[in-house]
Structure formats: structure tokens, C-alpha cells
2 protein chains.
Amino acid sequence: MCELLAMSANVPTDICFSFKGLRERGGRTGPHKDGWGIAFYEGKGNCTFKDPQPSYQSRIAELVSDHPIKSKSVIAHIRQANRGNVSMANTHPFTRELWGRYWTYAHNGQLTGYRDLPYSRFKPVGTTDSERAFCYLMSELYQHYGDDMPNRKTAFNFIRRRLDGLRELGVFNMLLTDGEYLLAYCTSKLHWITRRAPFSIARLSDVDVDIDFAEETTPNDVVSVITTEPLTNNEHWHKMACGESQLFHYGEPV
Amino acid sequence: MCELLAMSANVPTDICFSFKGLRERGGRTGPHKDGWGIAFYEGKGNCTFKDPQPSYQSRIAELVSDHPIKSKSVIAHIRQANRGNVSMANTHPFTRELWGRYWTYAHNGQLTGYRDLPYSRFKPVGTTDSERAFCYLMSELYQHYGDDMPNRKTAFNFIRRRLDGLRELGVFNMLLTDGEYLLAYCTSKLHWITRRAPFSIARLSDVDVDIDFAEETTPNDVVSVITTEPLTNNEHWHKMACGESQLFHYGEPV
């Protein structure tokens, strides 16, 4: 299995604090040593750092956890391989362009019968069940709406219905963003929290670090964080149920 | 204008030496301060580091020039914006998936009338003439061959013919790779060199660094480097002519 992390925010925000916690689980406090990746959006553009090395040893992960990259939408993943070997091609998150936007996705779980999932416009490059499911979802989206981009909330709701079908195949916790909206879907384990004023101090569970968000934010900031297991031990995280999904728009649950 | 750098090799090779030279031109020895990016392939997978900041000041660029990431195919770009603002969406290189492979591209030059270039399957996310031309080329490729991947040498030769049309629109120096083949196309300025045994010492032009490739390589290594201006001042670089293209396959000019 793997661990997921995402952020949706109404102002460009760095994810150093949360990533510092996640990174420890990539081979130190957790067994997810088969690579990691993180995608940051800046407007419609994005940049993805990936490394098939364990995140807790990775120099690139060290940079990402120390160097504040400000973004309104982030998806990160640390991997414990089950389907597909350890390689760059199998390292999440995955990105495809549709309708002039980059769509980025990461998955935690394991699917049976995934080789029968149809895809058309988007083809897998690697050999994971995860990327196969992503290509299926994106191909379905294109097949349904064609060349003209629909209202994106409508598009994400279409994806939600397809996800309800996918969960018949196994464990499917998923994150998907187009840089503006971010969708979280849970079948076994996913938690989220929305931080807004008045901000307070948060303490990481995996490493002895705390942060006073009141010093890092302005009163109008709204920042949601989604993760497999809560990253802090002094805040209340919403635990998602099987089949539950949550869409975020620039930090706000919608 | 911008500067380009690429590497094609028969064994996974790092590009630290060449990138160290290029990076200086991103705001210090050259005016290319409007962002930079570099894509590395590992097998069919790839990873692209991008930053709209000047490369000579960028912590991410510092990491890339110090930390040996081994790859058989690399494309890098430092940007001096002309068409399109300075942003992540306009930062090269650009990547799209076709036929289950990632295609990565960077361009140096300036095109007139580029807004008339047709595209279909692949749409630009940013606003540069460069990405528009990339989407045109990739859409043409798909439109010509359909869903079944042709022999890739044939596909690159098809692209070459379309490039001969594109150069009517202005300056078009370009790099394109699918991780195995790498195509360089020149209309104004592009140089390349193939290094093979017996290897010797190379000296960077932009910074006081030299390297003894004999110590870094095995006798069977073949490594081609393509760049706007020669990066070393004690080797012979092949200067490409207007309309000249060169395809490389794992380091070998073919």
C-alpha cells in the first residue's frame, strides 16, 4: 500500500510542514520505501518531483521539505509497490493534459481485474493498476464530453460516479486535481482537515516538529489537507467513510 | 531567446557537468533569467524539474547541478521570455503522452503567425508559441498514424518533414525525445558533440570547471550532448546549419 497527501488552498501555500511528516513514513516511520513524488501547481502550470528512491533518504525530498514552494494545489504520494516494479514510470503522481489543463492523480490501494479496464485516448506508460485506472477515468471523461471542456465541477461529479464503479475492484483511495479543484475519494483510509482563522499550533505525529499557523497565515487563508493517516496529533481530522468523496475548490470543501 | 541542452547516451549518465555550464547562462553569464527546466528519463518514465526563477539563483537548479541523476535521455532549457509571460505554465520542457510513451520537447526561437497553427488531440496549457508548435507537431503525428504506434524512427522522420514547414514561421531550434530517440532541429544555432573512447579532459566555458571523462566512463560509453552554444572551449563541436536535423539513438547519431 501507499500513503497519500494533498493540499488545496485559496492562497499559494507551502506544504513543507505536512511533507516533512509524510517523508518520514517513506522508509523510516513507515514502510513506503518504493519511491515518492509530489506535484505542485502554479496557476495552470505544474511541476512534479519524482524519485524511485525512499523519500526519507532522498536528497530531492529533503529539498522539497525544506524549500517553500508555494502552491494552491498539491498532490504527493509515497509508494510501497504491489502492482508494477519499482521504477520512475511506476512512480506517482501521474499527469495527463485534457482540454488544455493538466490533470494530476495519485492512488493508494490495490485492484483486481484491472487489466480489463478499458482506456482509449490516454494510455498507461508504466505497469501499475493505479495508472491504468487513471487512464480509464481520463478516457471516460473525454469519451463522455468530447473536445469541449464541460463545467469542471460537473466533470468531477462524472468522475465520482465512475469511482463508485471502480471500488468494486478493490481498495481505491484516490486524489485528483486540475490545479483548481481537488477530489478525494476513499474506500478504506483517508482523512482531511480544513484550517482557517483563528489558526493555532499543530504538532506532527512522525517527527518532533510543531508549527504555529497563526504566524504563517493571514486571517483570510483557507487551507485543506488530505492524507491517509492524520499527520498531526493535536487536531481533529475528518475520517472519510468507504465510498465517500470530497471535492475542494481552492481550499474550501464544496 | 533561450538556450537548449540535451543529452543522449547508451548508459545512464549524469548531466551535472553540462548543466553546471548552462545554469550560469540563466541570469549570470547569459540573460536567460525567465525560468528553466530539465527532464530526465529513466526507462519509459520521466521526471521534470521546472522553476520560473533564474537558474543561477535557483535552489532546485543547484540540486540538479550537484546531484548526479543518471539518465539516457535529458532535455533542458533556460528561458528568456518573448511570447508568453513568465510562469510555470510557460516554462519548458513540455511533455505529452502518446502511444503509451512520454514525449518531451523544448524550443528556442520565435514564431510569427503561430496562432494559426492547428492542433487537435493535444492542446496548449500555457500561452507560448513554443508549446503551441509542440501541440501542433504531436497532433499531426497522431492524426497521421492514428492509435497504433509506428516504428519510432519513421515517426521522427515524419516530424522532421513538419519541422521544415514550421521554420517558415521564424527561428525554430528544437529538441524532442521519447526517452529512446532524441531529435535536434536547427534553424539558427545548435551544436552537438559525441564523446566516446578514448575520453579526455573537457573544460567548461562559463565557469572554471573541468572534468576528465576517462575517469567517469567505461570504454563502451557513447554520450552525445546537444546545446545552443558549445559548453566547453577545448573540444570540437559540430555546428548545425539552417534546416539541418540530427536524430540520436541512445547516444549514437543515426
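## How the two chains meet

The copies meet through the same surface, because 100% of the interface residues of chain B are also interface residues in chain A (contact means heavy atoms within 4.5 Å). Turning chain B by 180°, with 0.0 Å of shift along the axis, superposes it on chain A with an RMSD of 0.0 Å. That is the relation of a two-fold axis. The superposition is by least squares on the C-alpha atoms of residues with pLDDT of at least 70 in both copies.

## What you are looking at

This is a predicted model, where local features need pLDDT of at least 70, side-chain atom pairs count only at pLDDT 80 or more, and totals for chains, interfaces and linings use all residues. Residues are numbered from 1 along each chain as its sequence is written, chains are lettered from A and ligands numbered from 1 in the order written, and side-chain values use heavy atoms, without hydrogens and water.

## A sheet in chain B

Let's follow one sheet. In chain B, six strands form an open, antiparallel sheet in the order β5-β6-β7-β8-β14-β15. Strands are DSSP runs of E with at least two residues, helices are runs of H or I with at least four, and both are numbered from the N terminus; two strands pair if DSSP finds at least two bridges between them. The edge strands of chain B are β5 (94–98) and β15 (252–253), each pairing on one side only.

Strand β14 (residues 245–249) of chain B pairs with β15(B) over two bridges. B:His249 has B:Glu252 in β15(B) as its bridge partner.
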